[in-house]
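The following paragraphs guide the reader through selected features of the structure shown here. Please keep the sequence and the model in view while reading.

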Protein chains: 2
Amino acid sequence: MKPRVVIVGAGFGGLTCARSLIDGGATDVTVVDRHPYQLFAPLLYQVATGGLPEDDIAYPVRAAIPGLKFVRGEVVNVNPERHSLRLADGTVIEWEYLVLAMGSVGATFGIPGVAEHALQMKDISQARAIKNRLLSTYEQVEMGHKPKEALRVVVVGGGPTGVEVTGAVAELQKQMVREFPDLAPLAHVTLVEAGPRLLPSFSEKSSARAKKALEALGADVRVSAAVDRMYATDVHLTSGEVLPAGTIIWGAGVAAPEQWTSLGMSDRANRLIVDDRLHLTPDVWVIGDMAHVTGPEDRPLPMVASVAMQQGRYVAASIGAALSGGEVAPFRYKDKGQMATIGRRLAVVEMPNGMRLHGTPAWLAWLALHVFYLAGGRNRVSVIADWFWNYLAWGTGPRRTVLE
Amino acid sequence: MKPRVVIVGAGFGGLTCARSLIDGGATDVTVVDRHPYQLFAPLLYQVATGGLPEDDIAYPVRAAIPGLKFVRGEVVNVNPERHSLRLADGTVIEWEYLVLAMGSVGATFGIPGVAEHALQMKDISQARAIKNRLLSTYEQVEMGHKPKEALRVVVVGGGPTGVEVTGAVAELQKQMVREFPDLAPLAHVTLVEAGPRLLPSFSEKSSARAKKALEALGADVRVSAAVDRMYATDVHLTSGEVLPAGTIIWGAGVAAPEQWTSLGMSDRANRLIVDDRLHLTPDVWVIGDMAHVTGPEDRPLPMVASVAMQQGRYVAASIGAALSGGEVAPFRYKDKGQMATIGRRLAVVEMPNGMRLHGTPAWLAWLALHVFYLAGGRNRVSVIADWFWNYLAWGTGPRRTVLE
């Protein structure tokens, strides 16, 4: 098999690149991924807290981009010299142009116990594991199989992921009063952030608002609190304090998969360092969370969807130029602002023009943007219906159930 | 633990009984089930064919009936003399009154190969297995891991379950053209029924309508065609004909779990034979699919939800009477009619007063009834949104994806 363009990874970067290429008239584009669906990762925390069915945040790649070729498989080797790659099942795929967009995995920063005890939230099965743990703990405590402390949840990391999942866990814990009236009041969530404030990439005002909003939901927020190590049932801070926890959720950071660092120079987060046109070699591009690209103030661009999507479009144009013998200008990231939601009807939004939203207007902006980018009309309708219901039934509707 | 009333099984019968008891003022009612949710089994075929997310047809038992005690566990032993039962984890539960409502499992009728190769559709994990098989087969054929014949589906059993799943598979196969334009035309579904017509409990006119409607959807319908044996890749009929199949779905019948036949007299479907007041012993009642109760013309009542629900309400009244020293009249089943849906916007409905609906009016009646009985406003909203979308996107919207 020798397609002209091969894109590894069906995330925001890879699929944006594929769509741009096909919209531009390319006829021989192949995407390779382990999963046959595009995952809408920004809503994984909703699946992890029983707010949305898994199905709503996954969309079949083949249906998303008609005309695309899709190969399901795990890439185990990339050989830029031979212009080939190999899948776990032995299939060899050759290419003229290659785009690497494998994304990132949860980083542990070498903290003892994280790999064994913290639950990551990077794919559907991990989100499902968090949901099952959160929900089944109530039952296990009720049956005497676990102590009451198991109802305590610790979230590590005060970035958007940690803030969003903490808010959703706090709301889940309130809603469980309907199913476990005696146990629900014992449940609790603590957010631990090593730095001096939540949402460090936002303004101090937004950080303060996020903290206040989480505390209003009943969450405990600890800033300047670093994790020293963790065990199955507790998290030890460097201060010596011990936080009991039946569920530990890791939102403290991600890194590119280590296995690809051998392809070139990489940074501490295993990101491959590419040139200002995102090239690893003349025929290989790296985009998204896997790419170390320098932005304003010489800092690497953040590992977020909007960077990956802009890079995907840029590389599609770049490949188009290469085919027609043309050239493209260096990649420039256009900052689209940032947002984080905190529970129902609260969010913080910061636009690059300095405009800031908070509270319900910010939440509506967050909602609109997420529904807009969610693939597939069906999923959009379904998510809106679910949220409509959440909004109407606030405080009384139960979360989704453990499906075993 | 010694609750006053223990109900084993959180299906239509068990939960209707529990709700009636609690609505009547009972304070010590415990339901035991392996799963913490009520499964809306009439829509399992939708999950099996990627039409609805699993979450939409499951509702947490504890949230459904506030005031109810719920124990999650698998009952392995029932001792009517000692007024006790034992769970797989060793827990012993004693009771004053016991209601057995464990439902049914797929029956194989001793046909060779059914247990090994036919996919049953009685719980969430089985429906998920059918969905994953149906969807992943396209990918496996595309990658050359399976032959093209694997795209052929055989459904065994022409009752409502077989008819409904056949219609939904036929529609799924049409929709897959969006993802697999080359392979989709090779997919095919055959419905095999041993008797002379589909839907034998309906009128001949409805049977003929159902057959015509399925054929209009592209399904092949074989009546008077009995399965002799089956293998991993084909179904052999007694006529000698061999039907190749990558997926074999079993809808040919159910039976009560065999393990409980030792509790009393049972019929060929392992149903426990109870008296006209549904008693197995003075303190033990059996309801729903597990109970052999004689109806009109001396035939046992059918294994359907409306029988189980009426019996659940009856036993709740009966327990109320027992507590107050009163008596109840023998159980009488009130026929509520029957319905089956065939794909989108087609159904057959037969009321006991002789009224018959077919086509779109029947489908709307089917829809209204199913949404009405579905537990939980949230699931209702979500199912309506999904169906609304199915209806709007007919022919273009993809089905749900394999979530691995």
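In helix 1 of chain B, Phe12(B), Gly13(B), Gly14(B), Thr16(B), Cys17(B), Ser20(B) and Leu21(B) meet Ala305(B), Ala308(B), Met309(B), Gln311(B), Gly312(B), Arg313(B), Val315(B), Ala316(B) and Ile319(B) of helix 8 of chain B. Two residues are in contact if their C-beta atoms, placed from the backbone, lie within 7 Å. Helices (H or I, at least four residues) and strands (E, at least two) are DSSP runs, numbered from the N terminus. The residues of this contact divide into nine nonpolar, six polar and one charged; Ala, Val, Leu, Ile, Met, Phe, Trp, Tyr, Cys and Pro count as nonpolar, Asp, Glu, Lys and Arg as charged, and the others, Gly among them, as polar.

The model is predicted: local features require pLDDT of at least 70 and side-chain atom pairs count only at pLDDT 80 or more, whereas totals for chains, interfaces and linings use all residues. Residues are numbered from 1 along each chain as its sequence is written, while chains are lettered from A and ligands numbered from 1 in the order in which they are written.

Helix 1 (residues 12–23) and helix 8 (residues 305–323) of chain B pack at an angle of about 35°, their axes being 7 Å apart. Axes are lines fitted to C-alpha atoms, for helices over the stretch in contact, and angles run from 0 to 180 degrees between N-to-C directions. The crossing of these helices of chain B is right-handed, that is, the near helix is turned clockwise from the far one by less than a right angle.

In chain A, the domain assignment, automatic or from a database, gives domain 1 (5–104 + 256–323), domain 2 (108–252) and domain 3 (337–395). The C-alpha centres of domain 2 and domain 3 of chain A lie 22 Å apart. Across their contact, 18 residues of domain 2 of chain A touch 12 residues of domain 3 of chain A. On the domain 2 side, helix 6 (160–175) and helix 7 (204–216) of chain A each supply at least two residues, and helix 6 of chain A gives the largest share, eight residues.

Leu278(A) lies in the loop between strand 19 (272–273) and strand 20 (279–281) of chain A. Leu278(A) is buried because 24 other C-beta atoms lie within 10 Å, the cut-off being 20 or more. His83(B), in the loop between strand 6 (75–79) and strand 7 (84–87) of chain B, has 18 such neighbours inside 10 Å and therefore counts as partly exposed, the class between buried and exposed (12 or fewer).
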